Amino acid sequence: MSEEIKIEDLNFVGGDNVKITIADLDPKHESQWCPGCGNYSIVMGVKNAIVKLGIDPKDVLIVSGIGCSSKFPHYLKTYGIETIHGRALPVATGAKLANKDLHVIVVGGDGDGYGIGMGHLIHTMRRNINLTYVINNNEIYALTKGQTSPTTPKGKKTASTPNGSIETPINPMALALGGGATFIAKSFSGDIEHMSNTIAKAIAHKGFSIIDVAQICPSFNPEMNFKWYKDRIYNLENLEDYNSSSKNWAMIHALESQDEKIGIGIFYHSDSDRETYIDDLPEDKELSLVRQDISNVDVENILDNYE
Ligand code: SF4
């Protein structure tokens, strides 16, 4: 049975001499999110994780797609790219392959990640690219004013399904287990401490980590409010048989009905250091590509071949 990963046991990946505070991560921009939106606390969770791990903000890249939560890079003072709908993961993969020393954190919504971005998600998981993906899952398309998303519960009435959705929603934890992610967790935007610790553990994990965060959207999914979640959420890590190194154990809890009870915590993490994609790239073995000496590379010969 696996031990719970203790936040105090994590290595300070930025090194002992990096001392940063939350204020170092504060941007100049005013947030455009609605009052009460769960995205505010998820930003706080990511900031806390960066501070807990002592990572210099210049070594962090936040990549997002399109959606309410994809405004995320504007609200942290790190490097950031807001890309196009569903395409955050390929951009993040490219950045990580070019500079493996960067801590790349991808943030987006359920529509962005589990809808149009689904193909990229599956392939990033199976490749075990060393990224952290935080999915702000409010179970609705919010930016476009309340349509059914891939995680909207069956039967829920939305702007696009006024008689109730007839689709079975995606189960993010079961999907990630099947896809080969090596760190799989769920958290809740109403529990900043749990989110901060879980995101820190995910960033410290070597390999692809995914955290699906149940996010409150008071504007377009008001029924699933703080009380609705609090009545259903329990912490997996308090279970007597907690065993996040077993995929079978994790799948049993992933398949529990999302409506009746919602487990939060780390469902699964690989104890073995499975090779990441970059570990197997001969070009990337020693130095990041961006740090390699290219003064002897003659591009004219290469370009001549395309004349
Ligand atoms: Fe947040 Fe929902 Fe408003 Fe978007 S619509 S900013 S998800 S509360």
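Me: How were residues and atoms selected?

Reply: The model is predicted, so local features need pLDDT of at least 70 and side-chain atom pairs count only at pLDDT 80 or more, while totals for chains, interfaces and linings use all residues. Residues are numbered from 1 along each chain as its sequence is written, and side-chain values use heavy atoms, with hydrogens and water left out.

Me: What makes an empty space in this structure a cavity?

Reply: Rolling a probe the size of a water molecule over the atoms shows where empty space is left. On a 1 Å grid over the protein atoms alone, a cavity is a set of points where a 1.4 Å probe fits but cannot get out. Points are joined across faces, edges and corners, and the volume is the space filled by probe spheres set on them. The structure holds two cavities of 30 Å³ or more.

Me: How is the lining of the largest cavity divided by class?

Reply: Ala, Val, Leu, Ile, Met, Phe, Trp, Tyr, Cys and Pro count as nonpolar, Asp, Glu, Lys and Arg as charged, and the others, Gly among them, as polar. The lining of the largest cavity has three nonpolar, three polar and three charged residues. The lining of the second largest cavity has three nonpolar, four polar and two charged.

Me: Why is H253 called buried?

Reply: Buried means under 20% relative accessible area, exposed over 50%, and partly exposed in between (1.4 Å probe, protein chains only). H253 has 12% relative accessibility, so it counts as buried. H253 lies in helix α8. Contact means heavy atoms within 4.5 Å; leaving aside neighbours within four places in sequence, H253 is in contact with Y234, L236, L239 and F267.

Me: What makes D212 and K186 a salt bridge?

Reply: Side chains of opposite charge can pair when their charged atoms come close. A salt bridge is a side-chain nitrogen of Lys or Arg within 4 Å of a carboxyl oxygen of Asp or Glu. D212 and K186 meet at 2.6 Å, N to O, so the pair qualifies. The pair links distant parts of the chain, with D212 in strand β6 (residues 209-214) and K186 in strand β5 (residues 183-188), 26 residues apart. Both D212 and K186 are buried. By this rule the count comes to eight salt bridges.

Me: How do you know that K261 and E256 form a salt bridge?

Reply: Their closest N and O atoms are 3.8 Å apart, which is within the cut-off, so the pair is counted. K261 has a relative accessible area of 41% and is therefore partly exposed. E256, at 16%, counts as buried.

Me: What makes N128 and E139 stand out in phi?

Reply: N128 is not a glycine, yet has a positive phi of about 55 degrees. N128 sits in the loop between α4 (118-127) and β4 (132-137) and is buried, with a relative accessible area of 0%. E139, also a residue other than glycine, has a positive phi near 60 degrees. E139 is in the loop between β4 and α5 (172-179), and its relative accessible area of 9% makes it buried.

Me: Why is α5 called mostly covered?

Reply: Six of its eight residues are buried, so the helix is described as mostly covered. The buried residues are P172, M173, A174, A176, L177 and G179. Just after α5, G180 takes a positive phi of about 95 degrees.

Note on methods:
1 Å grid on protein atoms, 1.4 Å probe; cavity = no way out; pocket = protein on both sides within 12 Å on 5 of 7 lines; lining within 4 Å. Helix = DSSP H or I, 4+ residues; strand = E, 2+ residues; numbered from the N terminus.
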